[in-house]
Amino acid sequence: MRAMDDLEVAIAAARAGGAIVAAGFGRHTSTDFKRRNDPVTEVDRASEQAITELLTAHRPDDAILAEEGTERAGDSRRWLIDPLDGTVNFVHGLAPVSVSIALYDDEAPVVAAVYDPIHAELYAADRNGATLNAEPIRVSDTSELSEALVVTGFPYDHHLHADAYVATLSEMLRHVNGVRRIGSAALDLCYVAAGRIDASWEYDLRPWDLAAGIFIVEAAGGRVTDPHGGPMTPYSRHVVSSNRLLHERVREIVASTFPGHLR
């Protein structure tokens with residue numbers, strides 16, 4: 001049997017986790033809270049187990065870092081895994097949700113896969129480009145901020161810093177055509193990559209939230225930086241992504257309203 005390449009492994013792992021998410025969607029599931037506004041379910045954990053078992057079978061020497069606690073040391077290659085991105089949506093029976101998986105070699109992306117099992121949409125990227133259900137995708141060509149549709153999310157501590165987060169939203173609303181809140185940071189980035197959304201921003205994310213989406217946007221011709229224009233890695237926490245044409249204008253709004261408690 002032919003060994004799977006890295007992208008095939010990422011896709012197989014995303015589908016394995018996605019099958020568990022889809023089977024549990026819309027059904028009652030036990031829910032705990034890691035902190036206020038941050039739920040975790042048995043489906044998160046089962047998806048992570050399925051993903052890590054597959055990766056262990058196919059890439060036993062690679063390191064793993066996953067949201068629900070699976071961590072394994074390895075060589076310079078590390079898989080970054082969110083087994084259920086959009087758990088708040090999931091708990092409420094609201095789509096979309098996703099499974100996000102990326103492989104990095106040190107800080108260089110190798111492959112990425114984000115799977116929305118409810119809508120059967122698989123986003124993927126390698127050094128040859130980005131795809132949606134195996135068809136190439138590109139970012140939008142919107143060049144006027146007044147015509148742009150943008151997307152954002154809010155950190156789990158929004159009950160403590162609502163005014164700070166709304167300041168950016170309020171200023172953005174003065175300039176764009178519309179703002180959306182999807183509920184999955186990985187899909188926010190994928191929608192930018194696919195040209196459905198023209199730009200995105202979000203604060204205080206974690207490596208598993210960002211790793212796959214960053215690479216998919218860049219592979220689709222987009223740009224991703226931190227709010228101050230610095231280079232983006234999965235460990236950067238705060239993100240601005242765009243179709244390139246709008247990047248500096250969106251980034252300047254985010255930077256000018258950047259929450260003081262996050263500095």
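**View 1. Helix H2, from end to end.** Helix H2 covers residues 42-58; helices (H or I, at least four residues) and strands (E, at least two) are DSSP runs, numbered from the N terminus. With 17 residues, H2 reaches 25 Å from its first C-alpha to its last, close to the 24 Å expected at 1.5 Å a residue (the expected span is 1.5 Å times one less than the number of residues). What you are looking at is a predicted model: local features need pLDDT of at least 70, side-chain atom pairs count only at pLDDT 80 or more, and totals for chains, interfaces and linings use all residues. Residues are numbered from 1 along each chain as its sequence is written, and side-chain values use heavy atoms, with hydrogens and water left out.

Among the buried residues of H2 are Val43, Ser47, Ile51 and Leu55; buried means under 20% relative accessible area, exposed over 50%, and partly exposed in between (1.4 Å probe, protein chains only). At the start of the helix, a side-chain oxygen of threonine 41 comes to within 3.1 Å of the backbone nitrogen of valine 43. That pair is a polar contact, meaning N or O atoms within 3.5 Å; within protein, one must be able to donate a hydrogen and the other to accept it, and residues adjacent in sequence count only if both atoms are side-chain atoms.

**View 2. The open sheet, strand by strand.** Eight strands line up here in the order S4-S3-S5-S6-S7-S8-S9-S10, with mixed pairing. Two strands pair if DSSP finds at least two bridges between them. At the edges sit S4 and strand S10 (135-136), each pairing on one side only.

**View 3. Strand S3 and its two partners.** Ala63 and Leu65 point one way from S3 (residues 63-66), Ile64 and Ala66 point the other way, and all are buried. Look for S5 (residues 77-85), which runs parallel to S3 and is joined to it by 4 bridges; alanine 66 has isoleucine 81 as its bridge partner there. S4 (residues 71-72) runs antiparallel to S3, with 2 bridges, and leucine 65 is partnered with glutamate 71. S3 and S4 make a hairpin with 4 residues between them, and glycine 69 in the turn has a positive phi of about 110°.

**View 4. Strand S6 and its neighbours.** S6 is mostly covered, with 7 of its 8 residues buried. 7 bridges tie it to S5, running antiparallel, and aspartate 82 stands opposite serine 100 of S6. S6 also runs antiparallel to S7, again with 7 bridges, and valine 99 faces tyrosine 115 in S7. The S6-S7 hairpin has 2 residues between its strands, one feature of the turn being the positive phi, about 55°, of aspartate 106.

View 5. Helix H1 (residues 6-24) lies across S5, strand S6 (98-105), S7 and S8, at about 30° to S7. Helix H6 (residues 207-219) lies across S3, S5, S6, S7, S8 and strand S9 (129-132), at about 100° to S7. Axes are lines fitted to C-alpha atoms, for helices over the stretch in contact, and angles run from 0 to 180 degrees between N-to-C directions; contact means heavy atoms within 4.5 Å.

**View 6. The buried side of helix H7.** In H7 (residues 247-256), the buried residues are His247, Val250, Arg251, Ile253 and Val254. They cover an arc of only 160° around the axis, which puts them on the same side of H7 (the arc is that of the directions from the helix axis to the C-beta atoms). An α-helix has 3.6 residues a turn, so residues three or four places apart point the same way. The buried residues of H7 pack against helix H4 (162-173) and strands S13 (199-202), S14 (223-225) and S15 (239-242).

**View 7. Threonine 152 up close.** Threonine 152 lies in strand S11 (residues 149-152) and is buried, at 2% relative accessible area. Its side chain reaches the backbone oxygen of tryptophan 201 at 2.7 Å. Not counting residues up to four places away in sequence, threonine 152 touches several others, including Val179, Ile182, Asp188 and Glu202.
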